[in-house]
Amino acid sequence: MDFQIGLVIAGLVVGFVVGLTGVGGGSLMTPILLYFGIPPTKAVGTDLLYAAFTKMGGVFVHNKKSNINWSITGWLTLGSVPAALLTLWILNNIKTDVETVNQVIKKSLGWALLFTSVAIIFKQRILKFSQKHAGDKFHSESTTQNMLTIAIGVLLGATVTLTSIGAGALGTVTLFFLYPLLPTPRLVGTEIAHAVPLTLVAGVGHASMGNLDLILLGQLLLGSLPGIFIGSMLSGKVPDQFLRNAIAVMLFLAGYKLIF
C-alpha cells in the first residue's frame, strides 16, 4: 500500500493514549484500520505485530522497575500460546472463502470491543471486589490459582489471535480478580510481558497466512513510538478516569457498529 500520513497520525494518537492510560492499543488500532479500508484479516495480522514491537519497550522498562511477576507470565503463556497456535491452525484450515473469514473476524472483533469497554468502565469495582474476597479458597491455593491462570491464558490466546484485542484491558482485569493483592504496577507489567510472546506468535502466524502489510506496519510504528514516549511523559497529568471512560464509550460504539 502507499504511504498515508493519516495512518502515521493514527499510530501517534493510539501510542499517545496507550502511554497515557495503559489501555487502548489493539482495541483502538484495529477499528481504525478497518475505517481506513484495511481488510479485517490483514488488520488483525498487522496489529498483532504492531502490538508485539511496541510492548517490547514496555517489558524493558517494567523489568528494570521489577514490575513483572515472571511466574504468572509463564502460567499465562502456557495457556495462551498453544491456544493461539490452535486458533491459527483452525483459521488456516477451514474450507471457506476469505469474505466469510473476514465477517467472522468482524463479529468477533465487535464482541471483543464490547467486553473490553465494560472491563475498562468496571475495572476499579472489579479490583475492590477481588480485594474483598482475597482470602477465598481459590486465592490461597497455588495449584488452583495456576490452573485458573492457564485457563485465562487459553481464553486470551484465542481471543487475541482472532481479533488482536484483549491482551491489555481484558487480561489485566482478569488478573486483578485472580491476584487482588498484587500491586497494580506489577499486574500491568506482568500482562505486558505476557502480551509480547502471545502477539508475536499470533502475528507471525497471521503473517505466514499472508495477513500482514509491512508498509502499513512501518507507518503505524513511525507514529506510535514517539506517541508512546510523549504519552508516558504526560501520564498522571491528565485525569485518568475521564480518559478511560471516553475510550470505553468509543470502543462500545465501535463494537456495536461492527456487530449490528
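**Figure 1. The second largest pocket of a predicted model.** A pocket is an open set of grid points with protein on both sides within 12 Å along at least five of seven lines. The model shown here is predicted. Its second largest pocket has a volume of about 490 Å³. The lining is made of 19 residues. Pro31, Ile32, Leu34, Tyr35 and Ala254 lie nearest the centre of this pocket.

**Figure 2. What lines the second largest pocket.** Three helices each supply at least two lining residues: H1 (5-21), H2 (25-35) and H12 (240-259). Helix H12 gives the largest share, seven residues. Sorted by class, the lining holds 16 nonpolar residues, one polar residue and two charged residues.

Figure 3. Helix H10 covers residues 184-208, 25 residues in total.

Figure 4. The unreviewed UniProt entry places the feature "transmembrane region" at several spans, including residues 43-61 and 68-89. Residues 43-61 are 100% helix and 0% strand. The end C-alpha atoms of residues 43-61 lie 28 Å apart. Residues 68-89 are 91% helix and 0% strand. For residues 68-89, the end C-alpha atoms lie 31 Å apart.

Key:
Residues are numbered from 1 along each chain as its sequence is written. This is a predicted model: local features need pLDDT of at least 70, side-chain atom pairs count only at pLDDT 80 or more; totals for chains, interfaces and linings use all residues. Side-chain values use heavy atoms; hydrogens and water are left out. On a 1 Å grid over the protein atoms alone, a cavity is a set of points where a 1.4 Å probe fits but cannot get out, and a pocket is an open set with protein on both sides within 12 Å along at least five of seven lines; lining residues have an atom within 4 Å of a point. Grid points are joined across faces, edges and corners, and a volume is the space filled by probe spheres set on the points. Helices (H or I, at least four residues) and strands (E, at least two) are DSSP runs, numbered from the N terminus. Ala, Val, Leu, Ile, Met, Phe, Trp, Tyr, Cys and Pro count as nonpolar, Asp, Glu, Lys and Arg as charged, and the others, Gly among them, as polar. The expected span of a helix is 1.5 Å times one less than its number of residues. UniProt positions are given in the numbering used here, feature names are shortened, and annotations may be inferred rather than shown by experiment.
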